[in-house]
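Please keep the sequence and the structure in view while reading.

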Amino acid sequence: MKNYKALKGKSKVAVKKVKVVDQKAVKEITDESGAIVRAAAAEQSHEELQVVSKVFDSATGEAMADRVQSMSVSELESQVSSLKTQKANEAKRIDDEVADLEELVADLKKL
């Protein structure tokens, strides 16, 4: 998330873990004779990591409903790794370009 550190410092963004219920628990139902009409089923849920951002109307400055984004630590770690690789590749490209220019300058000074 871009500018997370600055937004967090200004209390405009927060992280939280929430329980999301995928399927509610179902009680067993039997008929008069004791036969099971509907079997019992346990609640199915999972925990979700969320980033909650404050949202404001740009025209009025009035607070609007918060924006909630689900996050995955593994996906974020993958993004970090990708950005570090891009940074390293860009640094190497710049170093190569600087070396080329320095050699050109040296050759031109020899003339």
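A helix here is a DSSP run of at least four residues, and helices are numbered from the N terminus. The model is a predicted one.

**Salt bridges**

How many salt bridges does a search of the whole structure find? The search finds six.

| Pair | Distance (N to O) |
|---|---|
| Lysine 19 and glutamate 43 | 2.9 Å |
| Glutamate 90 and arginine 93 | 2.5 Å |
| Glutamate 97 and arginine 93 | 3.0 Å |

The side chains of lysine 19 and glutamate 43 form one of these bridges. Lysine 19 belongs to strand S1 (residues 13-23), while glutamate 43 sits in the loop between strand S3 (36-38) and strand S4 (44-53), so this bridge ties together parts that are 24 residues apart in sequence. Are the two partners buried or exposed? Lysine 19 has a relative accessible area of 57% and is exposed. Glutamate 43, at 36% relative accessibility, is partly exposed.

The other two pairs are found in helix H2. Glutamate 90 and arginine 93 both lie in this helix, which covers residues 73-110, and they are three residues apart, about one turn of the helix. Their side chains meet in a salt bridge. Arginine 93 also meets the side chain of glutamate 97 in a salt bridge. Which residues do these shared partners join into one network? The network consists of Glu90, Arg93 and Glu97.

Glutamate 90 is partly exposed at 38% relative accessibility. Arginine 93 is partly exposed too, with a relative accessible area of 41%. For glutamate 97 the value is 42%, and this residue is again partly exposed.

**A nonpolar patch**

Leu101, Leu104, Leu108 and Leu111 make up a nonpolar patch on the surface. Together these leucines have about 460 Å² of accessible area. One of them, leucine 108, is found in helix H2. Why does leucine 108 count as exposed? Its relative accessible area is 52%, and exposed means over 50%.

Glutamine 44 lies in strand S4. Its relative accessibility is 45%, so glutamine 44 counts as partly exposed. Setting aside neighbours within four places in sequence, glutamine 44 is in contact with Val20, Val21, Asp22 and Gln23. From glutamine 44 to glutamine 86 there are 42 residues in sequence and 40 Å in space, taken from C-alpha to C-alpha.

Serine 53 is also placed in strand S4. Is serine 53 buried or exposed? Serine 53 is buried, because its relative accessibility is 6% and buried means under 20%. Apart from neighbours within four places in sequence, serine 53 is in contact with Met1, Lys12, Val13, Asp66, Arg67 and Gln69.

How values were computed:
Residues numbered from 1 in each chain as written. Predicted model: local features only at pLDDT ≥ 70, side-chain atom pairs only at ≥ 80, totals over all residues. Heavy atoms only, no water. Salt bridge = Lys/Arg side-chain N within 4 Å of Asp/Glu carboxyl O. Buried < 20%, exposed > 50% of the residue type's maximum accessible area, 1.4 Å probe, protein only. Patch = residues over 30% accessible without salt bridge, like charges linked within 9 Å, V, L, I, M, F, W, Y side chains within 5 Å. Areas by Shrake-Rupley, 256 points an atom, 1.4 Å probe, with all protein chains shown as cover. Contact = heavy atoms within 4.5 Å.
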